[in-house]
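Reader: I'm new to this one and would like a close look at a single part. Could you walk me through a sheet and whatever packs around it?

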Protein chains: 2
Amino acid sequence: MGKFVQLIPFEEALTRISSEKWKPLETEVIDPEESLGRVVAMDVYASEDFPAWNRSLVDGYAVRSSTTAGASETNPLTFDLNGIVEAGASSFTEYKGDSCTEIYTGGILPDDYDAVIMAEDGERDGNKIRIYGAIDAWKNVERQGDDLQSGAIIVRKSNIVRPWHISAMVSSEVEKLEVYRKLKIAVLSTGNELFPGSTGHIRNTTQMLYRNYLNRTFMDTCDAGVAHDDYREISSMAADALKKNDCLIVTGGTSLGGKDEVPEAISALGEVVFAGSMIRPGRTLTLYIVDGKPVFSVSGIPVPSLLSFDIFFEHFLLTLIGLKHYRDTVTGRLSQALTNKAGYAGIYRVKLTSGEDGNRVELIKTKGTGTLNSLLNSNGTLLVPGHVEGLDAGSLVQVKLFGDAT
Amino acid sequence: MGKFVQLIPFEEALTRISSEKWKPLETEVIDPEESLGRVVAMDVYASEDFPAWNRSLVDGYAVRSSTTAGASETNPLTFDLNGIVEAGASSFTEYKGDSCTEIYTGGILPDDYDAVIMAEDGERDGNKIRIYGAIDAWKNVERQGDDLQSGAIIVRKSNIVRPWHISAMVSSEVEKLEVYRKLKIAVLSTGNELFPGSTGHIRNTTQMLYRNYLNRTFMDTCDAGVAHDDYREISSMAADALKKNDCLIVTGGTSLGGKDEVPEAISALGEVVFAGSMIRPGRTLTLYIVDGKPVFSVSGIPVPSLLSFDIFFEHFLLTLIGLKHYRDTVTGRLSQALTNKAGYAGIYRVKLTSGEDGNRVELIKTKGTGTLNSLLNSNGTLLVPGHVEGLDAGSLVQVKLFGDAT
């Protein structure tokens, strides 16, 4: 990359990601019980009603509601107790118009019965139950399919499987689930200073940060090693990593001037999608496509590098597999004014605090480039578009929370 | 538990959790690189300055700022180029008043130099650099310790380790980290209906839901098996599980009336902390203490069971290890009125949506007890205290997001 690179607008960089011909990610069919955190590849529907039977919601006496008509304080009705149903146990009693069945919470309603009188509303005398009021049909009963009807949607394509999705799939007899294969991501680090014993040796915290951040249930990361600042070495290691992975992140060697070897190394393998864009931090982030796979060339300075990468990577995931809910977005009010550099989309680290009168969004000050310190106190980021030169204190802004991010 | 149990207020249940004598959770010392998602047991401070040197923030020419005084368009000054510093490489040049050093982003500033002139602001002519303006001290330089000074806080006790905490620890030479041991949690399921071949057999989705939900990096869950509705069997399996775990969850057998075996089984092992409280759903949730360890007896109906358990368990974690940030809390506006049952704290499933004018909080309707369906569309919960009988549409409420929850 030469010294006088023409940066494209940030939005144009996103457009280029959307319109590139990425190699589709294959899907695989797995057991729903093993699907926690995976991304669903097609809409999933309940195979059977859940619950599969009418169930009692209370402890009491199951009856046919029509037989209780006319019962009142002055005209109580009496029913024969014809049996007992425990939780989960199925019906074994035969319906008779003047009979009822003792039933516990969760018990399956005997055939022909359609309501349950609460235990405290029935007066028991040996094998007889006296009631002082009528009961409506389906009172105190959860009906078959109340929770999920056969054919009801459980989880839509491109969503991440949560614990309750698994319960719903298992409860409604979904036996196979099509999910996207785990996305395999390699991180290749570059820089002479990363080699132990080199002058000015520094620890490779950038690789660590990327891998820990991307350590999610629908992705697998691996270490593609450390290359010297030598385009042949970088190119050969990158090509190796791309053989075994779906995506490559190359850290380091992105300053706009001087002797960067990464552009030469990766350009030799494929095409540039965009070489830098108007976003801060992250203006030097460059995206290549090699055999339909993305290669993100990012700065080696851990925090600003990761924050800008995350925005482009999120858009890549949206394009590749339709994943929208990568991080929660919430609205809050800026506690102070913000000045944004004209023309540049700005990524700001913020701390969002919930209060009784709303959410307060505080800018976490950064100084220098490392800015690790700023992340230690923040719980999300705010992206300000390039056409916005500033925001007043009190402005409503949308923050992406880091959430668990573990 | 008898039919006419006196439920205590929800807040009183929390107070009892706070004041119980729980067995403390041991800590262990681990490598910070292995600490992702663990809970820190003491405040962690930077051991060394980061960066450890003064570094250039740009590509350009390092100088001593005082020697540039007086430079202007009409009075340019010229400096001899005495060497080059690449990213991460250390100083090797000797300071001379009229000299400067070519330097790249991230390069370590030569001793005695205190500023970097940007490449485009210096006119190069062979080994001479001409400048047309003075530069202030520390301009374009990240100073030693700018990001983290030795002794600065990195992460406080009782917080979960995030990816950036690890980078900060490694960058500032923290070599050992004291964290809480992983909390071992066993889930014991009870109910004749859970045995294959039983009448009214149902799949054990409750255990699955608990284990998937609690499947976090600072806890380990295990399956303590399935017991019949028999207090001797339950008691013996619970005692076994408690030998190997720090916490036991017993699912099923909590309806207020009838032949529940769980209370008899667990009471035989320890003491009741509270037997039910005024919260809906979850009024039958009972907490025991056995040898200083908590036993949560919860309903076997998956979703309402988990939602109420989560509130008590979160308070238990706060009491045991001071963990506050279990789920993100954000404020939003109710999109519709809500009626709460007087005296009962209410847990409501909600969907919080961020918009340009704030966050909208929509109640997800539940029907029946299963209510799996309601969770499929929600992304958080709202807890309404028992003294609040209702909330108007437009009220500001605080929602706990599920976040990743994977």
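Reader: In which sense do strand β19 and strand β20 of chain A pair, and over how many bridges?

Author: Happy to. A quick note before we start: this is a predicted model, where local features need pLDDT of at least 70 and side-chain atom pairs count only at pLDDT 80 or more, while totals for chains, interfaces and linings use all residues. Residues are numbered from 1 along each chain as its sequence is written, chains are lettered from A and ligands numbered from 1 in the order in which they are written, and side-chain values use heavy atoms, with hydrogens and water left out.

Now your pair. Strand β19 (residues 286–290) and strand β20 (residues 293–298) of chain A run antiparallel to each other, joined over 5 bridges. As for the terms, strands (E, at least two residues) and helices (H or I, at least four) are DSSP runs numbered from the N terminus, and two strands pair if DSSP finds at least two bridges between them. One example is T286(A), whose bridge partner in β20(A) is S297(A). In general, strands of a sheet pair through backbone hydrogen bonds, either parallel or antiparallel.

Zoom out and you'll find an open sheet of 6 strands in chain A, in the order β15-β14-β16-β20-β19-β17, with mixed pairing. At its edges stand β15 (219–227) and β17 (271–275) of chain A; each has a single partner strand, so one side of each has no neighbour in the sheet. From one strand to the next, the twist averages 20 degrees.

Next come the helices. Helix α4 (residues 231–244) of chain A packs on the sheet, touching β14 (183–190), β15, β16 (247–251), β19 and β20 of chain A, and its direction makes about 160 degrees with that of β15(A). Helix α6 (residues 302–321) of chain A packs on the sheet too, touching β14, β15, β16, β17 and β20 of chain A, at about 165 degrees to the direction of β20(A). Contact here means heavy atoms within 4.5 Å; axes are lines fitted to C-alpha atoms, for helices over the stretch in contact, and angles run from 0 to 180 degrees between N-to-C directions.

Then there's helix α3 (residues 205–213) of chain A, which is mostly covered, with 8 of its 9 residues buried. Buried means under 20% relative accessible area, exposed over 50%, and partly exposed in between (1.4 Å probe, protein chains only). Among the buried ones are M208(A), L209(A) and Y213(A). The buried residues of α3(A) pack against β14, β15, β16, β20 and α6 of chain A, together with α2 (163–171) of chain B.
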